[in-house]
Amino acid sequence: MEQVKKLLALQALERRHKELKTALRQVPVVRELRRLKEAIEKGQDEMRTGKERYNNLGQAIIKGENICYQLRQRIEELKEELYSGKIANPKELEVLEKQLEGAQDQLKSKEERVFQLMEEKETLYSNLLESRAQVETLKEKFRTLRIQYIANQEQFNHEINDLPDAIARISAEIDQDNLSLYNKLRGRHRNAVVAMVVNSVCSGCHMSLAIDTIKRLKLHQEIVFCDNCGRILYTSS
């Protein structure tokens, strides 16, 4: 029946309109874009913190090297004074020896600390390079996905804008009583109002149909409804 075909076409257009509205939101894509954005921001924050630490380490190393330089000078002065032969007093010599030993211990400790800071700075530099590469990779993924998302949005919007006119045209070709009936049934059967019959079974409710219903359906003389769910029926033949 021609009216059923038009109702089926209307149903297909409305279903496509609903699918496009859902696709327009593209929830998984939006969620992935948000995840990438958060990962990029987190990586950038970690890099900023790492750069601050890197700069602080550089300053600490310079400061430590200056202290080492001063300690070396102090050690040389103490050695010169100790071995100059100008001091004969045993107690004064003992004091100088203790000062020299203390300065040497300080120098050793400070040199070890500077070396540790230099190792930490070198490791941090490698980590920063790795973090930068990771952030750039995330940015590239974000840019690619965003371009794809925008392109899809434009495509969906274009089709969505055309669908209302198509729905209006097909609706104008349907008998008003049939259209009112269709709209009434749509409130009850949101997934499908017009259902195909396959092997004497309604594809909407998956229940078998009466023989009389099948016979009337094959005559194509009237709109036939499912005995169980009330959907409008049609066959492929």
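Biologist: On what basis are the values given?

Modeller: This is a predicted model, in which local features need pLDDT of at least 70, side-chain atom pairs count only at pLDDT 80 or more, and totals for chains, interfaces and linings use all residues. Residues are numbered from 1 along each chain as its sequence is written, and side-chain values use heavy atoms, with hydrogens and water left out.

Biologist: At what angle do α2 and α3 pack?

Modeller: Helices here are DSSP runs (H or I, at least four residues), numbered from the N terminus. Axes are lines fitted to C-alpha atoms, for helices over the stretch in contact, and angles run from 0 to 180 degrees between N-to-C directions. The axes of α2 and α3 are 6 Å apart, and the packing angle is about 160°. Angles over 145 degrees count as roughly antiparallel, under 35 as roughly parallel, 65 to 115 as roughly perpendicular and the rest as oblique, so α2 is roughly antiparallel to α3.

Biologist: Which residues of the largest nonpolar core touch the most other members?

Modeller: A nonpolar core is a set of buried Ala, Val, Leu, Ile, Met, Phe, Trp, Tyr and Cys residues joined through side-chain atoms within 4.5 Å; buried means under 20% relative accessible area, exposed over 50%, and partly exposed in between (1.4 Å probe, protein chains only). The largest such core has 16 residues, and the members touching the most others are Ile75, Leu78, Leu96, Leu100 and Leu107.

Biologist: Which helix supplies the largest share of this core?

Modeller: Both α2 (27–82) and α3 (90–172) supply at least two residues each. The largest share, eight residues, comes from α3.

Biologist: Which residues does Ile75 contact beyond its neighbours within four places in sequence?

Modeller: Contact means heavy atoms within 4.5 Å. With those neighbours left aside, the partners of Ile75 are Leu100, Ala103, Gln104 and Leu107.

Biologist: How are α1 and α3 oriented to each other?

Modeller: Their axes come within 9 Å of each other and cross at roughly 155°. Among the residues that meet are Leu13 and Leu20 in α1 and Phe156 and Ile160 in α3. From the angle, α1 and α3 are therefore roughly antiparallel.

Biologist: How do α1 and α4 lie to each other?

Modeller: Helix α1 (residues 2–25) and helix α4 (residues 176–188) have axes 11 Å apart, at an angle of about 45°. Residues making the contact include Leu7 and Leu10 of α1, and Leu179 and Tyr182 of α4. Because of that angle, α1 is oblique to α4.

Biologist: Is Glu52 buried or exposed?

Modeller: Glu52 lies in helix α2. The C-alpha atoms of Glu52 and Glu81 are separated by 43 Å, the two residues being 29 residues apart along the chain. With a relative accessible area of 53%, Glu52 is exposed.

Biologist: Is Thr213 buried or exposed?

Modeller: Thr213 is found in helix α5 (residues 211–219). Leaving aside its neighbours within four places in sequence, Thr213 is in contact with Val224, Phe225, Asp227 and Leu233. Its relative accessible area is 2%, and Thr213 is therefore buried.
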